[in-house]
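Here are my notes on this structure, written as numbered points. Please read them with the sequence and the model open beside you.

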Amino acid sequence: MINAVLVFNNNGQPRLTKFYTQLDTQTQQSLIEQIYKLVARRPSSACNFLPLPPILSQGAASSSAGPSDAPTQITYRTYATLSFIMISTSTESPLALIDLIQVFVEALDRMFENVCELDLIFGYETMHAVLSEMIVGGVVVETNIDKITAGVRNQEGYAGKKKAVQAASASLGRGALPGLGAWR
Amino acid sequence: MHQIHGPVILIELPTFEKSLYDLIKGLRNHKGGEDEYVQDCLRECKAEIKSQDMDKKATALLKLIYLEMFGYDMSWAAFNVLEVMSSSKYLQKRVGYLGAVQSFRPDTEVLMLATNMLKKDIVSPNIPSLSLPLITLPHIITPSLAMSLLPDIISRLSHSSPVVRKKTIVCLYRLALVYPEALKLSWPKIKDHLMDDQEDISVTTAAINVVCELGWRRPQDFLPLAPRLFELLVDSGNNWMAIKIIKLFATLTPLEPRLTRKLLRPLTNIIQTTSAMSLLYECINGIIQGGILDGEENLQERDEVATLCVGKLRGMIVIDSDPNLKYVALLALNRIVTTHPMLVSVQQDVIMDCLDDPDVSIRLQALELAAGIVTSDTLQPVVNRLVNQLQLASLSTSRDAPDPEADAYARAGTESPEGQRASNVGPDPIIDLPSEYRTEVVNRVLDVCSQGNYAEVIDFEWYVGILVKLVSLLPPSGLEEYWQQPQTGQWSSNGSKTTVAYRIGSEIRNVAVRVRGVRREATRSAESLLLVDNRSILFPAGSNVGIDVLGPVAWVVGEYAECLVSPDRTLQSLIDPSNTCLASGTLQLFLQAIPKVFVQLNRTWEARDTWKSELSLLLARVVDFLELLAAHPDLDVQERAIEFLEVLRLGAEAMHSNSQEVPFLLASIIPSLFEGLELNPVALSAQKKVVLPPSLRLDEAFHDDLPGLFRNVDRSMLDVDTRSTLQDFYHVPDLSPPVNKPLYESAPVEMHLDSSYQNTLGRPMEYPSVLEKKKVERRERFRDDPFYIAPGSSSGTSTPIHDVFKSTNGDALDIDSIPIVDLKLDEGQQGRFDRDPLMSRRISPRKMEVATDETFGSDDTPLHDGLAGITGGSTSSKRSLLQVDSSGLGQLSLGRNGDRDAVVAGDEGDAEMKKAMQNVEQMRLHMQRASERIQLEGTPAEGTLVKKKKSKKKLKDGDADKTERSRVRGKKKKKEAA
C-alpha cells in the first residue's frame with residue numbers, strides 16, 4: 001500500500017502532505033525534511049527511486065524478506081519546481097508508482113489547465129480532492145484521468161478551479177510544469 | 001479594503017478577516033519574519049474558529065490546515081473540526097473532513113462525538129457528501145468507531161455508483177485492519193463484486209488492490225480466487241490490474257504448485273509481447289518471487305524461463321538508457337541471485353559497469369549484487385575498484401575542504417591534485433559521493449571479504465593493506481550508525497552500536513588471530529595505525545570517525561607484541577596523554593595492551609647495558625599514564641588501570657635495588673601474566689555446548705547452613721576488637737576527612753591468610769595420599785578427553801605461571817584439575833610463522849590457512865539465536881514509521897471451516913465491544929458536558945447552543961439504541977452465514 005504522498009518544491013516547502021497513517025506533526029516534518037534532503041542532492045539524470053531515509057530505515061525489514069507492513073520504497077518525480085513523492089510498501093510496483101505520479105500530475109494539469117506551482121498553492125484543496133479520487137486509505141482506487149477529473153468536478157464544479165487560477169495569475173507570473181508529455 | 005475571496009471556499013466573507021489567499025500572500029510578503037506572521041495568524045484563527053458564523057469557522061479551519069502542513073500544531077482545534085464537518089454546505093463539510101484527515105491523531109478524543117454525524121453522512125443521497133466519510137475514515141478509524149459504522153458502510157457496497165462502491169471496498173479494508181470482524185462480514189460481498197463479470201472495471205481493480213494487500217497475510221484464503229484472477233490477468237488488458245494480479249500470484253504460487261504450471265505460459269507470453277516495461281518487470285519479478293524458478297520438475301522449461309528473464313533484465317540495463325529500468329533490473333537480479341547465482345554471474349560485466357554509474361541508488365543495488373556474485377577470482381578486482389572509487393571521492397572532498405591540513409594531505413598523497421583530477425577523474429565526473437554511500441561501500445567490502453570465514457580471500461596481505469586504506473577513506477559523517485544494515489551488524493564488545501571504524505579494527509584483529517601466515521603483517525599494520533605520528537596520515541583528516549578502529553588494533557598490538565617493528569614507539573603511542581579522552585571501550589583495550597608491549601620491550605632491552613635507566617624511565621612514564629586513568633569515570637577502565645598501576649609500581653620499587661639484574665618481578669612474574677596458551681577464535685555457541693560433568697551440581701547448596709558457616713569463620717578469624725572495627729567500617733558513616741594515602745595502607749582489616757576454611761570447619765584435612773589418589777583418578781578419567789590437558793604433554797602447554805604458583809602454594813593448589821581447552825597447535829604452522837616476510841611476499845598469492853571458530857558437536861544451533869536475544873530481538877519488535885499494522889488479520893480466517901469458532905470468538909468480541917461501547921458512551925457524555933461548560937464560561941450568548949446540544953444528546957442516546965439493534969442484526973446475518 002501507499003504510506004504517504006508528499007509534494008514539496010525545490011526549497012523543501014511542502015505543498016501537500018498526506019499520510020495514510022496517523023503521525024504526529026513533529027515526525028511528519030522531520031520525515032519531509034529528510035526526504036527533501038535526499039531528493040535535493042540527486043541529479044536530474046538519476047533514477048526515480050530513493051533509499052530509505054534514516055527515520056524510515058530504522059526497524060525496517062530488509063527488502064529481500066518479502067512483503068511486510070513496513071514501507072520499503074520511495075518513488076519520486078520532479079516536475080519543474082515541484083517534487084512528487086510516494087512512500088510505499090513492497091506490494092506496490094515501483095514502475096507503476098512512477099506512472100501513478102504521472103497520472104496525478106496530468107489530472108492536476110487537467111484541473112488547472114497548464115498547472116504550475118502557484119496553482120497548487122492556491123488550489124490546495126483541489127489538489128487534495130484530486131488525490132483522494134485516486135488513492136483512498138493508501139490503496140489506489142482510480143488511475144483513469146477522465147474518471148478522476150470527473151470525480152473532482154462533481155465535487156466543486158468548474159468554479160473552484162477558475163477562482164484559483166484567477167487568484168494565482170492576478171499578481172504573479174505563471175509557468176507551466178514541463179515534462180508532462182506522455183511518459184512511456 | 002479590497003478583499004479577494006478564498007479560491008475554493010466560495011464564501012462571501014466579511015471584510016475584516018483573511019482568506020486562505022490572503023494568508024498565503026501574507027506569508028510570501030513576510031519572508032524572514034514568517035514565524036511571527038504565522039503566530040499572528042494563528043491567534044486570529046483561534047478567535048475566528050469560535051465564531052458562530054460557519055463561513056468564518058470554515059475559512060479559519062482551512063487556514064489552520066494549510067499552516068499544519070508547515071508543522072504548526074492544530075490539535076487544539078479538534079472540536080472545531082467536528083463542528084465544520086457537521087456543516088450542511090458541502091464545500092464547508094469538505095474542509096472539515098480534510099481537517100480531520102490532516103490533524104486527527106490516535107489520541108484525538110473528540111472523535112467519539114462524531115459517530116452519529118458520520119453515520120448520517122455515509123447514507124447521504126449526495127455522492128460527494130457520501131464519499132467524504134469513506135475517504136476520511138481510513139485515516140481516523142478506531143475499533144469502536146469501526147464497529148458502530150460497519151453496517152452502514154457495508155450497505156454502501158451495493159450503491160448504484162461504482163465510485164461509491166470502489167471507495168467502500170477500500171474503506172472496509174482499512175476498517176478490517178483495526179477491527180478484523182469487518183472483513184469477515186464484508187468479504188462475501190467484496191468477493192461477489194470481484195467475481196462479477198459485469199462489474200465496473202474500477203471497482204474490480206480496487207477489489208484486486210485490496211486483495212493484493214491482504215494476500216500475503218493469508219494467501220490460503222485467496223487460493224479459491226485463482227481461476228478468476230487468471231481470467232482477469234489474461235483477458236482484462238488493464239496493465240495496472242495485471243501488475244497487481246501478478247503480485248498477488250507471487251504470494252499464492254508457493255502454496256499451490258499446480259498454479260506454477262498454469263502461470264508459466266501466460267507470463268512468458270506477456271514477457272515476450274508486452275510493450276509496457278512496468279508489466280514486463282512485474283512478470284519477471286512475479287516469476288522470481290513466486291518461486292516459479294525454484295522447483296525440481298520441468299527443469300528444462302524452468303531454465304528457459306530463467307534465461308529469458310535474465311536476458312530481458314540485461315536488456316533493461318544495457319539497451320535502455322533509462323536509469324529507472326536499470327535500477328529495477330538490478331533489484332530483480334538481486335532476487336534471482338539467491339537461487340540462480342550462476343545465471344547472474346554471467347551478467348557480471350554489466351553489473352560491474354553499474355558500480356560506476358553516476359546514480360548512487362543504482363550503485364547501491366549493483367554493490368549488493370556484486371557482493372552476491374563475487375568468487376575468489378573476482379574479489380580482488382571488485383574490491384580494488386570500490387576502493388579506488390572511495391579514494392577519488394575522498395580526494396574530492398578533501399580538495400573542497402578549506403582545512404589546510406586536508407589540503408596538505410591531498411598534496412602529499414598525489415604530487416599534484418590538479419593532475420590527479422585530470423588523469424583519474426576525467427572519465428568519471430561524479431566524484432561527490434554521499435557519505436552514506438561511502439560508508440555502505442566500506443561495509444560491503446568488509447562483508448564480501450569476510451563472508452564464509454574469508455572463503456574468497458586468497459591474498460591476505462592484500463586484504464590487510466585494503467583494511468588500512470579503508471580507515472583513511474572513512475567518510476566524515478556522524479550519520480553512519482543510521483545506515484548500518486541490520487544484517488551486516490556485528491556486535492562490539494561493549495554492546496553499543498558498532499561503527500564502521502570498529503568493524504575495520506575487528507577485521508584486522510580477526511585476520512591476525514585466524515590467519516597465522518599474515519599475523520606479522522597484520523600486527524605491523526595495526527602498529528602503523530596505532531602510532532600517534534601516523535594518525536594525521538592514515539586517518540581521515542579533520543574528523544575523528546576512524547578513532548574506533550584503535551580499540552581492536554590495540555589488542556592485536558598487545559597480543560602479538562613479538563611481531564612489532566618498534567615496541568618502543570608503539571608503547572609511546574599507547575601511553576600518549578592524548579589517549580585519555582578516547583572512548584572507554586577503546587581505553588579498556590589500550591590498558592590491556594600496555595603491559596603486554598611493556599613486557600616485550602623489556603625483553604628486547606635486557607641485553608643492553610643501559611637497560612636499568614631506560615627501564616626506570618619507561619616505568620615512570622607508564623605509571624604516569626595509568627595514574628591519569630586511575631580515576632576514570634568508567635569503572636572498567638578504572639579497575640584495569642589501578643590493577644596494572646599497582647603491579648607496575650611494585651616493579652618500579654624493585655628497580656631501586658642495587659642489583660644489576662632485572663628484578664624477578666619484571667623479568668618473570670609480570671611476563672608470566674600474559675603467557676600461556678594462544679588464543680583461538682571460539683564460536684559464539686561453543687560455551688553453551690560444554691557438557692556439565694555429572695558430578696557437578698550447580699543447584700545444590702554448598703552447605704546447609706551457609707550464613708552460620710560465615711559466622712563461624714568470622715568468630716574464629718577475628719578477635720572482638722577487630723570485629724567491631726569491621727562492623728564500624730560497614731555500618732558507621734565515615735565522618736573524618738579523606739586521608740590522602742593509598743588505599744591499601746588504610747585498609748582496616750588484617751587478613752589472616754594462613755587460616756584455612758577447612759580448619760575452622762573442623763573437618764579433617766585431606767591427606768596428601770588421598771589427594772594424590774584423587775588426582776590419578778581424575779587423570780584416568782580425562783585421559784581420552786581432548787578438552788583436558790594430559791599431564792604428560794605439559795611441557796608444551798604448561799606455562800611458567802604454574803611453576804610460580806606451585807613454588808608458593810605447594811601441591812595443594814591443583815592446577816591440573818582446572819579444565820582448560822587444549823589448543824594444541826599444528827607444528828607445521830609454527831614453521832611458516834617464522835618465515836621471512838620478504839620471502840613470503842614474493843610467493844604470494846598463496847592459499848592461507850584460516851582458522852575457523854572453534855566449537856564442538858554439530859553446529860545445529862544457529863548463531864542468530866544468541867544474537868537475536870542480544871540485538872535482533874529489539875529491532876524486530878520495533879515498528880517502522882508509517883507502518884500500517886495488518887497483523888490483526890493474520891488470525892482471521894475467511895474460509896468456511898473457520899466460521900464456527902469465528903462466531904464464538906465473535907460473541908466474546910461482542911461482549912467486549914458492549915463494554916467498550918459503554919465506555920465510549922460515558923466518555924462521550926463526559927466530553928459533551930465539558931465542552932458545554934466551556935461554552936458557558938466563554939461566551940454568555942451560547943444559551944441557544946446549549947439547548948441544541950441537549951436535544952442532540954437525546955438524539956444520540958436514541959442512536960446508540962439503533963447501533964445496538966443494527967449490531968444484533970449483523971450478528972444474525974453472521975449466524976445465517978454459518
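1. Is Tyr454(B) buried or exposed? Tyr454(B) has 20 C-beta neighbours inside 10 Å, and the cut-off for a buried residue is 20 or more, so Tyr454(B) counts as buried. Tyr454(B) belongs to helix H25 of chain B, which covers residues 435-454. The phi of Tyr454(B) is positive, about 60°, although this residue is not a glycine. Most residues other than glycine have a negative phi. Note that the model is predicted, and these values are computed from it.

2. Glu113(A) is another residue to check. Its phi is near 55°, again a positive value in a residue other than glycine. Where does Glu113(A) lie? Glu113(A) is found in the loop between H3 and helix H4 (117-122) of chain A. Glu113(A) has 11 other C-beta atoms within 10 Å, and 12 or fewer means exposed, so Glu113(A) is exposed.

3. Now the overall make-up of chain A. Chain A contains 7 helices and 7 strands. Along the sequence they follow the pattern β-β-α-β-α-β-β-α-α-α-β-β-α-α. Chain A has 184 residues, and 60% of them are buried. Of the contacts in chain A between residues at least 6 apart in sequence, 56% join residues at least 24 apart.

4. The sheet in chain A deserves a slow look. It is an open sheet of 5 strands, in the order E2-E1-E5-E4-E3, with antiparallel pairing. Which strands are at the edges? They are E2 and strand E3 (49-50) of chain A, each of which pairs on one side only.

5. Strand E1 of chain A (residues 2-9) is mostly covered, with 7 of its 8 residues buried. E1(A) pairs with strand E5 (residues 82-88) of chain A through 7 bridges, in the antiparallel sense. Two residue pairs can be followed in the model: Ala4(A) has Ile87(A) in E5(A) as its bridge partner, and Phe8(A) has Ser83(A) in E5(A).

6. E1(A) is also joined to strand E2 (residues 14-19) of chain A, by 5 bridges, and these two strands run antiparallel. Here the bridge partner of Leu6(A) in E2(A) is Thr17(A). E1(A) and E2(A) form a hairpin with 4 residues between the strands, and in this hairpin Gly12(A) takes a positive phi near 85°.

7. Next, the nonpolar core. In soluble globular proteins, nonpolar side chains tend to be buried together. The largest nonpolar core in this model has 271 residues. Which residues have the most contacts inside it? They are Phe104(A), Val130(A) and Leu61(B). Helix H3 (residues 94-112) of chain A gives the largest share of this core, 13 residues.

8. What does Phe104(A) touch, leaving aside its neighbours within four places in sequence? Phe104(A) is in contact with Phe84(A), Val130(A), Leu131(A) and Met134(A).

9. Last, the interface. How many residues of chain A are in contact with chain B? There are 70 from chain A, in contact with 71 residues of chain B. On the side of chain A that touches chain B, 34 residues are nonpolar, 26 are polar and 10 are charged.

Conventions:
Residues numbered from 1 in each chain as written. Chains lettered and ligands numbered in written order. Predicted model: local features only at pLDDT ≥ 70, side-chain atom pairs only at ≥ 80, totals over all residues. Contact = placed C-beta atoms within 7 Å. Nonpolar A, V, L, I, M, F, W, Y, C, P; charged D, E, K, R; others polar. Core = buried A, V, L, I, M, F, W, Y, C linked by C-beta atoms within 7 Å. Pairing = 2+ DSSP bridges.
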